[in-house]
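This briefing concerns a single protein chain and is meant to be read beside the sequence and the model.

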Amino acid sequence: NKKDRAPQETPRETWLRIMGLGAGLVLAAFLLWSSLGTEDGVTEVLAHRGEVLAGRFIEVPCSEDYDGHRRFEGCTPRKCGRGVTDIVVTREEAQQIRSIAEKGFSLGGSDGGASILDLHSGALSVGKHFVNLYRYFGDKIQNIFSEEDFQLYRDVRQKVQLTIAKAFGISVSSLYLTKPTFFSRMNSSEARTAHDEYWHAHVDKVTYGSFDYTSLLYLSDYLEDFGGGRFVFMEEGANKTVEPRAGRVSFFTSGSENLHRVEKVHWGTRYAITIAFTCNPDHSIEDPAFT
């Protein structure tokens with residue numbers, strides 16, 4: 001009958017078919033492992049936590065984001081890029097700065113995963129809202145902070161400003177501190193408001209307008225104090241990450257050439273300061289004063 005006349009599969013053909021299925025399963029497993037092990041396709045670490053970098057700078061082409069704003073010759077970015085250094089702020093200074101943040105956050109904190117403390121404006125996350133800590137707590141503030149705290153904050157800010165000016169070949173006097181400049185505390189708590197969703201990709205120049213140069217000073221260590229929470233420069237096919245290290249300063253021009261995000265914190269607590277600079281004196285802010 002027809003069934004008897006049908007060609008039978010040889011042992012060699014059976015073996016080849018099994019090997020092909022096995023190879024396909026191995027490839028699928030590898031691709032799944034790769035997607036889980038490299039969030040958003042991250043493939044390269046720009047700065048490892050264990051490194052102590054005297055300075056690492058990568059120049060990238062400037063975007064057109066600056067064209068829609070008033071230009072300031074000698075300051076508005078014409079040389080764009082991103083840099084990392086571990087020798088501007090010591091780990092001891094970072095610990096002292098972190099203690100300032102901890103004292104401030106002891107007064108409040110977000111119900112969600114991201115809390116903000118702005119010593120310039122007084123903005124502090126409390127529950128699902130913000131309060132002005134100088135008005136809300138009044139004279140009690142002088143029992144929380146000290147003049148030494150504010151002086152250290154100013155000294156560190158000046159070091160970061162000098163580092164940016166030197167890296168981009170501009171005069172330090174042409175840079176002005178701008179808002180928002182703030183402490184951040186991130187943990188794995190579920191987001192309660194839009195302010196808690198810190199992990200979305202964004203461009204600082206588009207988001208804030210006044211930003212020309214952005215910097216972050218990290219106050220805790222990746223994989224020691226927290227998991228996740230790496231800083232990611234978004235690039236097609238080859239995102240670059242910075243692993244936070246206490247005292248590490250990461251800085252970059254604020255346009256679309258440096259689209260970025262922060263990974264979700266999976267455990268522990270991540271502390272940092274965002275310090276922003278503008279070339280436009282109309283957008284400048286003063287250093288916070290204890291009095």
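A residue is called buried here when its relative accessible area is under 20%, exposed when that area is over 50%, and partly exposed in between. E93 has a relative accessible area of 16% and therefore counts as buried. The model is predicted, and the protein chain averages a pLDDT of 89, with 85% of the residues scoring at least 70.

**Surroundings of E93**

- E93 is placed in helix α3, which covers residues 91–105, and its side chain is joined to that of K159 by a polar contact of 2.7 Å.
- Leaving aside residues up to four places away in sequence, E93 touches V88 and L152 as well as K159.

**Disulfide of C62 and C80**

- The cysteines of the chain give a count of two disulfides, one of which is formed by C62 and C80, whose sulfur atoms lie 1.9 Å apart.
- This pair links distant parts of the chain, since C62 sits in the loop between β2 (56–60) and β3 (80–85) while C80 belongs to strand β3, 18 residues apart.
- The link of C62 and C80 is right-handed, with 105° about the S-S bond.
- The two partners fall into separate accessibility classes: C62 is partly exposed at 31% relative accessibility, whereas C80 is buried with a relative accessible area of 1%.

**Disulfide of C75 and C279**

- C75 and C279 also form a disulfide, with their sulfur atoms 2.0 Å apart.
- Because C75 lies in the loop between β2 and β3 and C279 in the segment after β16 (270–278), the pair ties together parts that are 204 residues apart in sequence.
- The torsion about the S-S bond of C75 and C279 is about -80°, and the disulfide is therefore left-handed.
- When bonded cysteines are counted along the chain, the disulfides of the protein follow the pattern 1-3, 2-4.

**Where the model calls for caution**

- Over residues 1–6 the pLDDT stays under 50, and the model has zero contacts beyond four places in sequence for them.
- Residues 25–38 likewise have a pLDDT that stays under 50, again with zero contacts beyond four places in sequence.
- Where pLDDT is low, the predicted coordinates should not be read in detail.

Key
Residues numbered from 1 in each chain as written. Predicted model: local features only at pLDDT ≥ 70, side-chain atom pairs only at ≥ 80, totals over all residues. Heavy atoms only, no water. Helix = DSSP H or I, 4+ residues; strand = E, 2+ residues; numbered from the N terminus. Buried < 20%, exposed > 50% of the residue type's maximum accessible area, 1.4 Å probe, protein only. Polar contact = N/O pair within 3.5 Å; in protein donor to acceptor, adjacent residues only side chain to side chain. Contact = heavy atoms within 4.5 Å. pLDDT = per-residue confidence, 0-100. Disulfide = S-S within 2.5 Å.
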